[in-house]
Amino acid sequence: MTEVRRDPLAIGLGALVCGAGLGGATITLAQLVAKLLQGRLDPDRYREAAGDPLLAGLLAGVAVAGMFAWRRSRPLENIWQSGVIGVLAAVAALLIGFLAAVADRLLGFPGLMAWGVLSAAVGTAASRWAMWGGTAGDEGGMMGDGS
């Protein structure tokens with residue numbers, strides 16, 4: 001019977017970046033919706049309607065970040081570590097979402113879209129890295145060891 005080797009660094013960092021990237025993409029999506037509303041509504045009605053998608057996107061982004069980070073860190077045997085990874089991913093998603101406003105200010109709508117796509121792509125790649133870390137022993141070697 002062979003024992004499955006795990007790479008805890010790949011699992012932990014992959015889960016953290018996965019949650020942060022996907023949560024940040026969710027917050028950025030909410031900012032895109034608010035930006036579209038800003039262009040379609042008059043200023044009086046925009047002030048009433050813009051807060052709802054931003055708040056919903058912020059809460060959804062934090063939830064997505066925590067959920068994905070928790071789920072991808074499940075191969076770690078310590079539940080405390082999974083919880084800390086989930087909380088750190090939620091905080092990182094907030095930071096990524098706030099930096100999306102900078103991308104919007106500097107590059108406009110295309111920059112905001114690019115920021116969201118980049119966040120989602122990084123989150124997806126990190127998710128694969130975390131999944132690989134949970135089954136690192138199945139291929140017979142660790143990533144980067146040349147075997």
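Start by selecting Trp70, which sits in helix α3, the run of residues 51–72. The model on screen is a predicted one. Color Trp70 by accessibility: its relative value is 35%, so the residue counts as partly exposed.

Which helix gives the patch its largest share? Helix α4, residues 79–134, does, with four residues.

Now clear the selection and go to Gln31. This residue belongs to helix α1, which covers residues 8–40. Is Gln31 buried or exposed? Gln31 has a relative accessible area of 15%, and because buried means under 20%, it counts as buried.

To see what surrounds Gln31, show the side chains of Leu54, Gly97, Ala100, Ala101 and Leu112. Gln31 is in contact with these residues, its neighbours within four places in sequence being left aside.

Finally, zoom out and show the whole protein as a cartoon. The view holds four helices and zero strands, and following the sequence gives the pattern α-α-α-α. Of the 147 residues, 37% are buried. If contacts between residues at least 6 apart in sequence are drawn, 75% of them join residues at least 24 apart. Switch to a surface view to end the tour: the accessible surface comes to about 8900 Å², and carbon and sulfur atoms account for 67% of that area.

Conventions
Residues numbered from 1 in each chain as written. Predicted model: local features only at pLDDT ≥ 70, side-chain atom pairs only at ≥ 80, totals over all residues. Heavy atoms only, no water. Helix = DSSP H or I, 4+ residues; strand = E, 2+ residues; numbered from the N terminus. Buried < 20%, exposed > 50% of the residue type's maximum accessible area, 1.4 Å probe, protein only. Contact = heavy atoms within 4.5 Å. Areas by Shrake-Rupley, 256 points an atom, 1.4 Å probe, with all protein chains shown as cover.
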